[in-house]
Amino acid sequence: MPRKGFSNFDDYDDGFDDGDAYDYDYDDDDDEHEEAEHKEVEIAWRCGICTYDNDESMNACDICGAIRHPVAGGNQTINNNTASMKQKERQYLSEQNPVKKERDRSETSSQGRSNANVGSIKSGKSLPKPKADTSHETNSSSKNMEASESLTGTSMKQKERQYLSEQNPVKKERDRSETSSQGRSNANVGSIKSGKSLPKPKADTSHETNSSSKNMEASESLTGSMNKMSLTRETETSRDVKIRSARSKSNHKPEEWMLLDKESDTLTQLNLAIVGHVDSGKSTLSGRLLHLLGRISQKQMHKFEKEAKLQGKGSFAYAWALDESAEERERGITMTVAVAYFNTKRHHVVLLDSPGHKDFVPNMIAGATQADAAILVVDASIGAFEAGFDNLKGQTREHARVLRGFGVEQVIVAVNKMDIVGYSKDRFDLIRQHVGSFLQSCRFKESSLTWVPLSAMENQNLVSAPSESRLSSWYQGPCLLDAVDSVNSPGRDVSKPLLMPICDVVRSNSHGQVSACGKLEAGAVRSGSKVIVMPSGEQGTVRSLERDSQGCTIARAGDNVAIALQGIDANQVMAGGVLCHPDYPVSVATHLELMVLVLEGATPILLGSQLEFHVHHAKEAATVVKLVAMLDPKTGEPTKKSPRCLTAKQSAMLEVSLHYPVCVETFSESRALGRVFLRSSGRTVAMGKVTRIIQDS
């Protein structure tokens, strides 16, 4: 940025003509020689204006009429006469321009002072003073004249800018700030230039000059710092992100209301995800199960059947109980995660009906992050099972990997549509063999898998033992409802600080309220609790709670709740964020070290590969910045450092850089916020966990 203190000299040329320019760096020896020649030859004197040689007896030039200057005055008379002529001309012209009038007036006064200084410089030569004193006086006058010119130029610019700003109100504020900045700069320049003329020792003069220069540099440095602060603040506000590290949770002491559940309901909550390939009958199975358990009335079911028949989709009647949007019903597929509730003997089940189409796998991941257990639905019909289990186009394998990657250990494999294959035991055994071996390769234990053959459309083996003899003749296992009831509910971290990844946000424009929906992964919350929303860092207060679409006063780890917040900007609450304790905010980072397993059929991962990074409900673009080492799949020990690429079925350590910060924790600190997935071109290529958060300098 140019320093404005020196820019005014460019506009000061109109006060002088070419003949008024002086060379102050003349040689004293040459001047003494010229004076000697004038003393010897006094026949004529040369006019300072037209350079005509006049007779010695004439006091004025015979050509231009300029008065002959005295010996001691030098060119002072000439300069005063020229300045007088220019002043009259400028006065006449300024009557046509009120802005220039003020500027010329300041120039006239400045020029008078400047000519006086010039006269003193010229006359100083003939005074009987030592040579050193004359040089000191010349330098002092020269510096004073330059400082005067700077102040005059500043005043001229200020008045002209003031007149123009009256015509432009937008420019008025800008000029005002420039004037103040220019005044400070000119003051510093003036102090620098006038510092040498003070009658002080040389050391003191240089010290003062250096001090003035430092002050001016400090002023410019402060201005630059303020500009950088402004730019930094604007960047942070646009993203509303506060990158920070998590505080240690070891000092957290839970309150009594967080630990004890004194409610009369003894049912434990179980979050159950229903996953599987598209058109395997997931929504129909869910709708039929809810209808049999009384969660859907007969009147509502009759309405769904009538609407489905009108559109020529009579078999989708039960699916429409969960697929409520017009687009889902028209296309005949589930696009978002639908939530429903029912009870068993031991559990209060939160049913998460996830989409099966490959285009909506990110939504399926959102449902899997909240699951404690899952039902993997497999289509038993000829050709449908093979298509869904295909490694390239099927989603059965990918859904199973996602479940295991998010820590789901208990899976119920529901082999649906057994009525189409005549309840064939051979078909069931074939499916169990193929799917079972694959699930074991994904590190599911055989003891945690339950196999249930059923038919959702024929209501066989859903809530009671099968009535079909072709099925009951060879299957004596539990029905689907009993299999769900036998699932063990996982432990809840109610003693840890509050932690809830936000999966959905509900805003009320009329009331200006915002509600964050999700599953409490740790801690507990109640009405009036103070919370902080990350990554924005905004703090607010819990206004009310809803669990299972009903109001409640306390929610604990494992509950799916909707928390209404107050005292917080609604724009700062978004899906992918985390609601946590104000004293224990989660980490927000952009550089992570991951331990991953490259999945079967995935494209090779290279240095610089562009991937989609999934963690809880957050999705962010990522770049592989370092391939640290390849690992032994069994021991986890490094086998090769800095590999060139990672191929299918290989385990490795790598570093990724995210384009924008996300809320994340190491896997050892929080499993819910430490499990990650890497996707590319619509396919999941790797899954793993966060081993280290790298803080970039």
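**Loops, a sheet and salt bridges**

Guide: In this predicted model, Asp279 lies in the loop between strand E3 and helix H8 (282-292).

Visitor: What makes the backbone of Asp279 worth a remark?

Guide: Its phi is positive, about 65°, although Asp279 is not a glycine. Asn459, in the loop between E8 and helix H15 (469-472), likewise has a positive phi, about 55°, and is not a glycine either.

Visitor: Why is Asn459 called partly exposed?

Guide: Its relative accessibility is 28%. Buried would require under 20% and exposed over 50%, so Asn459 at 28% counts as partly exposed.

Visitor: What is the order of the six strands in the open sheet?

Guide: The order is E4-E5-E3-E6-E7-E8, with mixed pairing. Strand E4 (338-343) and strand E8 (449-453) each have a single partner strand, so they stand at the edges, and one side of each is left without a neighbour in the sheet. On average, neighbouring strands are turned by 25° against each other, direction ignored.

Visitor: How many bridges show that strand E3 (residues 268-276) is joined to strand E6 (residues 373-379)?

Guide: Five bridges join these parallel strands. Pairing needs at least two bridges, and therefore E3 and E6, with five, count as paired.

Visitor: Why is the contact between Asp53 and Arg46 called a salt bridge?

Guide: Their closest N and O atoms are 3.0 Å apart. The limit is 4 Å, so the pair qualifies as a salt bridge. Arg46 is exposed, at 55% relative accessible area, while Asp53 is partly exposed at 40%.

Visitor: What is the N to O distance of the salt bridge between Lys496 and Asp493?

Guide: The distance is 3.9 Å, and because the limit is 4 Å, this pair also counts. Lys496 is partly exposed at 38%, as is Asp493 at 35%. Elsewhere, salt bridges that share partners join Asp372, Arg492 and Lys519 into one network.

Visitor: How many salt bridges does the structure hold?

Guide: It holds 14 salt bridges.

How values were computed: Residues numbered from 1 in each chain as written. Predicted model: local features only at pLDDT ≥ 70, side-chain atom pairs only at ≥ 80, totals over all residues. Heavy atoms only, no water. Helix = DSSP H or I, 4+ residues; strand = E, 2+ residues; numbered from the N terminus. Axes fitted to C-alpha atoms, helices over the stretch in contact; angles between N-to-C directions. Buried < 20%, exposed > 50% of the residue type's maximum accessible area, 1.4 Å probe, protein only. Salt bridge = Lys/Arg side-chain N within 4 Å of Asp/Glu carboxyl O.
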